[in-house]
Amino acid sequence: MNVARIKFRAGELKQALKFMVSEPVTLVDPSMYMSLLQFCVDTKAEKQAHSIHSHIISNGCECNVNLSTKLIIFYAKVGDVVSARKVFDRMSERNVVSWTAMISGYSQNGYDENALLVFLAMRRAGVRANQFTYGSALRACTGMRWLQGGMMIQGGIQKGRFMENLFVKSALLDLHAKCGTIEDACFLFETMQGKDLVSWNAMIGGLAMQGFNDDSFQLFRSMMREGLIPDCFTLGSVLRALIGGIGLMKVSQIHGLSVKLGFGSSNMLTGSLIDVYAKCGSVRSAYQLYKNMIKKDIISCTALITGFAREDNCSTEALDLFKEMIIKKLGIDDVILCFMLNICANTASLSLGRQIHALSLKYQSSYDVAMGNALIDMYAKSGEIEDASRAFDEMGKKNVISWTSLIAGYGKHGYGCKAIALYEKMEHEGLVPNDVTFLSLLFACSHTGLTGEGWELFNNMISKYKILPRAEHFSCLVDLFARRGQLESAYTMISEMNIKPTASLWSSVLGACSVYGNTSLGQVAAMNLLNLEPEKSVNYVVLSSIYAAAGEWDNVWKTRKLMEEKSLRKSPGYSFLQSTKKKNFLLEPC
């Protein structure tokens, strides 16, 4: 074993292990095992740690509490909580460090409920917790957003001697901040003596998570004035606060600070920067940041594709990025597939949408609610209402969005009766429609001439479901009356409704007046539109057409003259076409 010890001290871990394993089974100094295992913990040397573990068992040292505890720490560090638990269960005796290592291992790997069960078993075994035990148990409660459980643990802490411990107090602060009791979190923060970076991070992150974006950013500035240097977690929390709309300039400043502090190569922080740039409307900056990443990951790709999905003219970039993810095998999840389907829906890319549908079935045989909703929307907007209906029928579980999406699809394809029948089936299933459901139904009725049905649905929305109508609902109802030529009824509704008429609502009336030749009401609608949208040329053109149909050529000339004075031109019509020769393939054939 002397050779192995010399090799280890020289930093040659593999050689030290080779000599150690080749030695006959003899008594070995446990301190050497401890040193080797600590090296494995620090370097995450999984293969070598397994060899050491085997050697420990062979030499009969498994009963050593400190060695077993170190093995638990190692396995938890590499995410193998099953092996960690096996070591823990085989221990004949345990101390507070052993229990804490198991609790912490579960908590750090997201097994919060298991962590609390071990904590409970430890208390029943009569072992007194230390500050690290309490911190890990509180972290588990925070992960579960279980405030009541955390408060019970807090009661135990207050009876002991750890209430003023900085580690414990920071964990309590994090619990209250993330569970929404911000006032309690602020009280804990203000009463802390000698706040460290963890405490500041917990408070800044909690404020950002609960939507107190300005307060979070101001607290960050206070931390900087105190002379503390932020880390990746601090900057990530501040970026989350900036998504709330403080401004793109602030995002650029935080970006510059992260580079200055040496975090430019941090994938976690870069992913957050991509996300916030995209959500603040600077998708090009997000894309440039992504291209400069040395090692790209699924988080940054998801953030960027999400940003592309919000833009009207970035479908090509999103598709290229999606192809890159497939080729580089970065991993595809439901979130990315849903956003890609949304892009296909908004661009009516049926061929690409079908490929993504097939890809989703490859990754999972049955899709969840969000995926099903995205498929319904994509097929409906691409003109394939039967496929949308099939996707709806194949869903194991549906929510109100699922029903509303198909109702909207039926309405856009002119199947008003099918939309109403689906709504009635939805009611029979026990689901409660929302305001968007009724908006889709009113749209369906207005485009298929179902005036009576539309009026009945509107009344049900108010009386039965207590939903207050928005301007969009009134607009659909006015459009419903206007399309049937009931212009006076439409105007009466506008006059009597309790909200201010919108441009969309007056546009419905103006268009109907053009169809039915109602010059007087057309003038009223046009005057209101010109006040709301003075720079929109189409309003002048439609009014001019109404005058022309009535033979009022002087008014035609005046309207055209007004357009010239305002330097307005009618926007040319255009059609969006897709080439039948060139098709997009997610994976090009070789």
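Mentor: One definition first: a residue is buried when its relative accessible area is under 20%, exposed when over 50%, and partly exposed in between, using a 1.4 Å probe and protein chains only. The model is predicted, so local features need pLDDT of at least 70 and side-chain atom pairs count only at pLDDT 80 or more, while totals for chains, interfaces and linings use all residues. Residues are numbered from 1 along each chain as its sequence is written, and side-chain values use heavy atoms, with hydrogens and water left out.

Trainee: Okay. Is D387 buried or exposed?

Mentor: D387 counts as buried, because its relative accessibility is 13%. D387 is part of helix α24, residues 385-394. Helices here are DSSP runs of H or I with at least four residues, strands are E runs of at least two, and both are numbered from the N terminus.

Trainee: Which residue has a side chain in polar contact with that of D387?

Mentor: R390, at 2.4 Å. A polar contact is a pair of N or O atoms within 3.5 Å; within protein, one must be able to donate a hydrogen and the other to accept it, and residues adjacent in sequence count only if both atoms are side-chain atoms.

Trainee: And what does D387 contact beyond its neighbours within four places in sequence?

Mentor: R354 and Y379. Contact means heavy atoms within 4.5 Å.

Trainee: How many salt bridges are there?

Mentor: The count comes to 13, where a salt bridge is a side-chain nitrogen of Lys or Arg within 4 Å of a carboxyl oxygen of Asp or Glu. In general, side chains of opposite charge can pair when their charged atoms come close.

Trainee: Show me some. What about K178 and D174?

Mentor: Their side chains form a salt bridge with an N to O distance of 3.4 Å. K178 and D174 are separated by about one helical turn, because they are four residues apart in helix α11, residues 166-178. D174 is buried at 17% relative accessible area, while K178 is partly exposed at 26%.

Trainee: Which residue does D275 pair with?

Mentor: D275 makes a salt bridge with K279, and the closest N and O atoms are 3.3 Å apart. These two are four residues apart in helix α17, residues 267-279, so about one helical turn separates D275 from K279. D275 is buried, with 19% relative accessible area, and K279 is partly exposed at 39%.

Trainee: What does the bridge between K464 and E427 look like?

Mentor: The closest N and O atoms of K464 and E427 are 3.1 Å apart. K464 sits in the loop between α28 (451-463) and α29 (471-483), and E427 in helix α26 (residues 416-428), so the pair ties together parts that are 37 residues apart in sequence. E427 is partly exposed, at 23% relative accessible area.

Trainee: New topic. Which residues have the most contacts inside the largest nonpolar core?

Mentor: F220 and F322, in a core of 121 residues. Apart from that one lies another core, of 48 residues, with Y33, V65, A137 and L188 among them. A nonpolar core is a set of buried Ala, Val, Leu, Ile, Met, Phe, Trp, Tyr and Cys residues joined through side-chain atoms within 4.5 Å.

Trainee: Now the backbone. What is the phi of R145?

Mentor: About 55°, a positive value although R145 is not a glycine. Most residues other than glycine have a negative phi. R145 is in the loop between α9 (131-144) and α10 (147-159), and is partly exposed at 42% relative accessibility.

Trainee: What about A348?

Mentor: A348 also has a positive phi, near 55°, and is not a glycine. The loop between α21 (334-347) and α22 (350-363) holds A348. With 35% relative accessibility, A348 counts as partly exposed.

Trainee: Last one. Where is V432?

Mentor: V432 lies in the loop between α26 and α27 (435-448), and counts as exposed at 56% relative accessibility. Leaving out residues up to four places away in sequence, V432 touches V400, M426 and Y465. From V432 to N59 is 67 Å, C-alpha to C-alpha, and 373 residues in sequence.
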